[in-house]
Amino acid sequence: MEQVSIDELAKQYGTPCYVYSKQAILDVYQAYTDSFASLNHQVCYAVKANSNLAVLGVLAQAGAGFDIVSRGELMRVLAAGGVASRVVFSGVGKTYSDIEYALTQGIGCFNVESISELTLINDVAKSLDKPAPISLRVNPNVDAKTHPYISTGLKDNKFGITHEDALAVYQQAADLSHIDIVGIDCHIGSQLTEVEPFVAALDKVIELIHSLRNAGIELQHIDLGGGLGVRYIDETPVSIDEFAQALLPKLSELGLTVFFEPGRSIVANAGVLLTQVDVLKPTEHKNFAIVDAAMNDLIRPALYQAEMAVIPSVLPSDGIDTDGTQPWDIVGAICETGDFLAKDRLLSLATGDVLAITGAGAYGFTMSSNYNSRPRASEVMVSGDSHQLIRKRETIEALYADEALWQAQ
Ligand code: LLP
């Protein structure tokens, strides 16, 4: 990775360990800003994909804004040097205290998902005597053609305000004393590999922008959410440039600032999860390689049947040698059959080998847990020939340090 041997990193920092390339993150961020350079735009990186302070700090320094879904994510952004006015606050369940904190910090925009949330934001804004900038998240009822768990723009999904109701809700918002309407927002899902659903959603949103103009409601920005997919194994996602080419003609006519909320596409392929083979267990039907990472470290395969590439950390100089390979299931040591990281991968393995699971920079560490009392992995960032620990491996003692024995009589 960059100029660093990941095998050396595994030796120095131990496994399991997430490793991220600073340059790879910046390259994708730059691809977004270059592709949309002809428009006023703001990339608001979706923090949920990877919220390590170092990752946020690198993006904040490059000028990124952020898309957050909790007070915790906002606190991280601010701790990493992000600017609150470039933050959009998404999510269906913002609480009174989340809203109060965000408004006090000077948040850029609340992406509102229901009438009840709109009223709550107005109440908080009134109590602070500070108008709240809002956009409505519109649910355009467009099929994102992705895994059902990460599809969000269909009318059966819990997200957003339906296209049919949006105009009326905007009119309601315009009548509220402490609501400042600034934009319109839409996010239809994640890991989209085709551009058509984005275009279909944009068309629906543009229709609404015209109806709003006719009703005397002028906006400053349009937020197209995130969702651009990446290549994990053999997917062929649309490139950022193709994505821009498809949207730019429609967007430039609007005369609005454009926000994007990419998460996965910025960090997924900037990161790997390093794991060591602890036990080889060939059986009559299947070969299992039991590694020191597990579903608690990387839940995407178990949760979404996601397929992520697994490569040896040391590649022979003439490329991957297929001689002597066998199909292996790469599994963790957790007591669940769903605890697998990859299935039927042709590899030549020995105990002690270090494997890299690629595409692990997004929704890897952030979705990890302590299931089976396993401390969460360490995280390392690489830049050029230097590398740095950006999160210590948790200690086992820390896992129960905040617990207490029952003492009441
Ligand atoms: N904006 C909103 C409002 C979102 O809900 C999301 C992701 C994003 C932006 C960023 O989407 P991205 O560019 O990363 O696709 N854990 C799942 C993905 C869940 C995505 C949730 N929302 C996975 O590992 O595949």
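## Domains and ligand shell

The chain splits into domain 1 (22–266) and domain 2 (268–398), with bounds taken from an automatic or database domain assignment. Bear in mind that this is a predicted model: local features need pLDDT of at least 70, side-chain atom pairs count only at pLDDT 80 or more, and totals for chains, interfaces and linings use all residues. Residues are numbered from 1 along each chain as its sequence is written.

The C-alpha centres of the two domains sit 32 Å apart. Across the boundary, 19 residues of domain 1 are in contact with 20 residues of domain 2, where contact means C-beta atoms, placed from the backbone, within 7 Å. On the domain 1 side, helix H2 (22–35) gives the most, with four residues. Helices here are DSSP runs (H or I, at least four residues), numbered from the N terminus.

Now for the ligand. There are 21 residues around the ligand, and Ala46, Ser190, Gly226, Gly263 and Tyr363 come nearest; a residue is near if its C-beta atom, placed from the backbone, lies within 6 Å.

| Class | Ligand shell |
|---|---|
| Nonpolar | eight residues |
| Polar | nine residues |

Key: Nonpolar A, V, L, I, M, F, W, Y, C, P; charged D, E, K, R; others polar. Contact = placed C-beta atoms within 7 Å. Helix = DSSP H or I, 4+ residues; strand = E, 2+ residues; numbered from the N terminus.
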